[in-house]
Amino acid sequence: MNELGKKLCDIAFDKQKADYLLAMREESGNVAPVFISKGEDIGEANIDYPYQLVTILSRIYPWLNKGKIAIVARRCDEKALNETIKRGLFDGNRIAVIGLACSKEQIKKCRCNDPVPTKVDIGEPNNGVNTDELMNKLQRISPEERMDFWVRQFKKCNKCFACTTNCPVCFCEDCVLEERTFVAEKGIPPGLSFHMIRTFHLADKCIECGECERSCPVDIPLLTLRKMALKDIKDLYNFKPGDRETASPMLTTLEGELLEDDTHVC
Amino acid sequence: MSVKHVLTTCPYCGCGCNFYLQVVDNRLVGVVPCKTDEIGQGRLCIKGYNAYAFVQNPDRLTHPMVRDGHQLRKATWDEALDRIVSEIKKIVSKHGPDSVVVFASARCTNEENYLMQKFARAAIGTNNVDHCARLCHASTVAGLVYSFGSGAMTNSIPEFENADCILVTGSNTLETHPLIGARIVKALYSGAKVIVVDPRETPLSRLAQLSLHQKPGTDIAWIHGIANVIISEDLVDKEFVATKTKHFEELKKVVAEYTPEKVEKLTGIPKEKLMEVARVYAKSKKSMIAYAMGITQHSNGTAIVKSLANLSMLTGHIGKESTGVNPLRGQNNVQGACDAGSLPNFYPGYQLVANGDMKAKFEKAWGQTLSDKPGLTITEAIEKAATGEIKAVITFGENMMISDPDITHVEKALSNLEFFAVADIFPTETSKFAHVVLPAACYAEKDGTFTNTDRKVRRVRKAVDGPGEALPDWEIVCELGRRYGAQGFDFNSVSDIMDEFASVAPAYGGISFDRLEKEMLTWPCPSKDHAGTRILHVGGFKIGKGQFAPVSHEPPAEEPSEDYPMILTTGRNLFQYHTGTMTRRTPKLERESPEPYVEIHKADAKPLGVEDGDRVRISSRRGSITLAARVTDRITEGVIFVPFHYAEAAANMLTNPVLDPIAKIPELKVCAARVEKA
Amino acid sequence: MSEFNPTILAFCCNWCSYAGADLAGVSRLQMPPNVHVIRVMCSAAVKPEYVFKALSQGIDGVLVLGCHIGDCHYMTGNHRTAKRFPLAQKILNDVGIDETRLKLDWVSAAEGEKFQQVITEFVGVIKKLGPNPLREVKF
């Protein structure tokens, strides 16, 4: 067990009194996600690769009916937990956060303006950046040029569904993107509607973790598209996802209305 | 409560992406791409993300079965294995060892393939061992061995990103090798010239700067046409040709006939476009060629492969970074199965069985007298089973009743066998004919290695237990070997098998499980201190000089006629995989592409009165199938395309079993067909 | 060159706008013939997905018509509609589609004339905009 591993275990099991820890470690020459129970050896912990641990947890969680889980979370993961807990996917009392402050490089890669977790346990807090160059450019050019840009990007899409599969806040059991009714095109690429639908669905819950962009095999700048929609919803309703205190999801509920149990679909 | 993330290699195409299988208490719950993997880089395709879904399907074979009369009934392992051994022994004593064939599998690990061919050669005593590479890249192995001395991809997958020019032909790369396709797209979007030559419009050809559509079966003509332009416009790398190659003059004489005008007539490719392609390919600093089944599955597949190799040698685009001739292997371990010697003419490591020294070496290593007579290929074995010369077949994970050409004939051959044993993970169309069916463990339930298309040896790790009594193929073969009374089948782990394989195959000499745990190795890796070889033929060819091949264009075996006016070509799509045993049991994949279809050009559909979605019947000289039409303008007029995944309308009912004379690969890409409204 | 004849979809809610359209028809009000009316139970039943699909397949304009705020047969349906469609318009703009190709308006059962007016105006706007560029885009 390395220093970092020891620190993670201390925070998870001693301070937070968790029963499980979800983190990352070095293994067979690679960096892997790792889920251990209290008392197990974490090995050589490593936090240099941004695995989307909330998504990873979402597949394990249904099979764990008790116990508290500590999860290494960056600010965006923390927000992802807020959004998912709000929608009833996790029991908030069973999740403990180990706050990870992102490195400067990571912040630059994500064009992130909110990189510091509520409580920093690991890493040094760095300032966020406020500009997404590509987004600025796209807002400057004409709509025709903007359409050309996106059409050229979306032509690359080979429908791997990485953007939905790896997304921490994409959790509908029946995804509209998988239905012929909405995405009519046969084969690949799936066309413009696929990406517009996804943009709309994420507008009130995307927490800008950037996992869609990182895991897109053909490098479509999806995070920029997400950021554009987030700006839209901010401009319209002064709403920003990721906040646990905001009682209900923006697009599916009306003001003062609570989320019904079965309506976490959008 | 146990939660594991097990690093393993994707069981689908030859890209060989690594991912983590998420396991909760022996239950597979998901796939997480490995972010530090050099090939996948934390990315996968839709098949990769769903590679966990079929594993614990209730259809899995869970116990051995033996045939009693017309029924397959449940049996114990002892009974099933003893039945195989006694039947094979009986047939060998009556008809000799060459009346038995073992079909190994490109879906199994290197270690398992090594054991399967060892079982055929050392236990039964025949070189009749082959696998499905026969149906995909047999012509690559034969062609590139002739030209360069090595039948594998010359360069590595990451190099696609840095190429200046990529010539892709006969490969629907974005659909069939999505992560290689993604690298080509990345190069394209950062300024590289991508040229696609294909009878169909593919997702990649729609993006490419240059997209050419040839008439199926005219590949040598256009490739020679490019060579003609390269020579006549003086774009030849003269120094390379003079110092590193031979037979240039012969080639020059042959390609002189293939003027752009003549090529236009033969192939339908406009001469200006052909000339532009030749110039772009020759003048770019780093030019790569990538190809797949569209080149190899022809009755002259070996010759087409050689003619592609000619192009790279003419321009010196080989032996350097981001150059070379790159066959994209279609299956997770088709490269490894060839390397491990599951081929009728090669011992492990491409050592000829007909060569006395090699034979002596393996006789010493295995402590058995071996046959020096090259064995039968899959396609020949099926033929001889039909005529009764082959009496028994043992098959590991092959589904010939979907994958082989002219299924009606395959059915006749299989019914004709005295004894037929199948080991597989699911009941298949083929296992219906078996006398013994063995339940095998799938990739997630065993350890071993796969060798991907760019020769990287990648670990497969056990994540969950197999269903019921299912066993890994290597344990099955070890058990068969021991019961057969043969020496050298007492392995306790796959790591030991790899060690033996490495000791007899020089290219794998330095590869061991210990090293693979720490580093990524690419063969050739001859010794423990060797770091592996990413680019082949650096500084020259190992065989001395590369050989130009003065081959000539010949029309395909079957050309359109009055009765069968269309050309039928077959292939894969993104969502299904081969015979669909796994993907058709994966809900997310099946939903994307649930039913068989034929792509037909608008202009061809109109006179038939066929509209998009209509049912049509397609017939060839061998059979007919009924399926839905997809009317499109994304295919050449006169050509129809059917994916071969679907048992309910199996494209291989129609295909032509005519063989390439050298590689014995069938002409799955061209046959004459007729379309009617059903 | 022949005059551009746009293809337009109008989603009309069953309780108000569709009845409004009916009234316009019964009253023999003249309207441009470019509009295909699709009857839905509530404007809130019009998923933005339908709009995205229609526009990405080359439909020139989409109208969504519901009951006036306060008059929804399902109490709050049109409140939801009112919340969603401004965002959908912005997303159209983000990918370069003119957001005026999507219009949300309220037409009651008694407003035959308003129906005529909304349709006529919208067809005029779309005619001025010209054909949906996505008609020509081949993915």
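Of the 2 pairs of chains in contact, which chains share the most contacts? Chains A and B do; contact here means that the C-beta atoms of two residues, placed from the backbone, lie within 7 Å.

This is a predicted model: local features need pLDDT of at least 70, side-chain atom pairs count only at pLDDT 80 or more, and totals for chains, interfaces and linings use all residues. Residues are numbered from 1 along each chain as its sequence is written, while chains are lettered from A and ligands numbered from 1 in the order in which they are written.

**Stop 1: chain A as a whole**

Select chain A. It has 10 helices and 4 strands. These elements are DSSP runs, numbered from the N terminus: helices are H or I with at least four residues, strands are E with at least two. From the N terminus on, the order is α-β-β-α-β-α-β-α-α-α-α-α-α-α. The radius of gyration of chain A is 19 Å, close to the 18 Å that the globule rule gives for 266 residues, so chain A is as compact as a globular protein of that length. That radius is taken over C-alpha atoms, and the rule is 2.2 Å times the number of residues to the power 0.38. Along the principal axes, the C-alpha atoms of chain A fill a box of roughly 60 × 40 × 35 Å.

**Stop 2: the sheet**

Now show the strands of chain A. The 4 strands form an open sheet in the order 2-1-3-4, with mixed pairing. Two strands pair if DSSP finds at least two bridges between them. Look at the edges: strand 2 (30-37) and strand 4 (95-99) of chain A each pair on one side only. Neighbouring strands of this sheet are turned by 35 degrees against each other on average, direction ignored. Axes are lines fitted to C-alpha atoms, for helices over the stretch in contact, and angles run from 0 to 180 degrees between N-to-C directions.

Select residues 20-27 and 69-73 of chain A. These are strand 1 and strand 3, which run parallel and are joined by 3 bridges. Pick Leu22(A): it stands opposite Ile71(A) in strand 3 of chain A.

Move on to strand 4. Strand 3 and strand 4 of chain A run parallel, joined by 5 bridges. Ala70(A) stands opposite Ala96(A) in strand 4 of chain A. Follow the chain from strand 3 through helix 3 to strand 4 of chain A: this β-α-β crossover is right-handed. With the strands pointing away from you, the path from the first strand over the helix to the second runs clockwise.

**Stop 3: two domains of chain A**

Colour domain 1 (3-110) and domain 2 (133-237) of chain A. Such bounds come from an automatic or database domain assignment. The C-alpha centres of the two domains lie 27 Å apart. Their contact takes 13 residues from domain 1 and 13 residues from domain 2 of chain A. On the domain 1 side, helix 2 and helix 3 (75-86) of chain A are the elements that give two or more residues. Helix 3 of chain A gives the largest share, 6 residues.

**Stop 4: chain A against chain B**

Show chain B. Here 35 residues of chain A are in contact with 40 residues of chain B. On the chain A side, strand 2, helix 2 and helix 7 (162-165) of chain A give two or more residues. Strand 2 of chain A gives the most, with 7 residues. The chain A side divides into 18 nonpolar, 8 polar and 9 charged residues. Ala, Val, Leu, Ile, Met, Phe, Trp, Tyr, Cys and Pro count as nonpolar, Asp, Glu, Lys and Arg as charged, and the others, Gly among them, as polar.

**Stop 5: chain A against chain C**

Switch to chain C. This contact takes 28 residues from chain A and 26 residues from chain C. Helix 6 (143-154), helix 8 (192-202) and helix 10 (222-237) of chain A each supply at least two residues. By class, the chain A side has 20 nonpolar, 3 polar and 5 charged residues. Chain B and chain C do not touch; their nearest C-alpha atoms are 8 Å apart.
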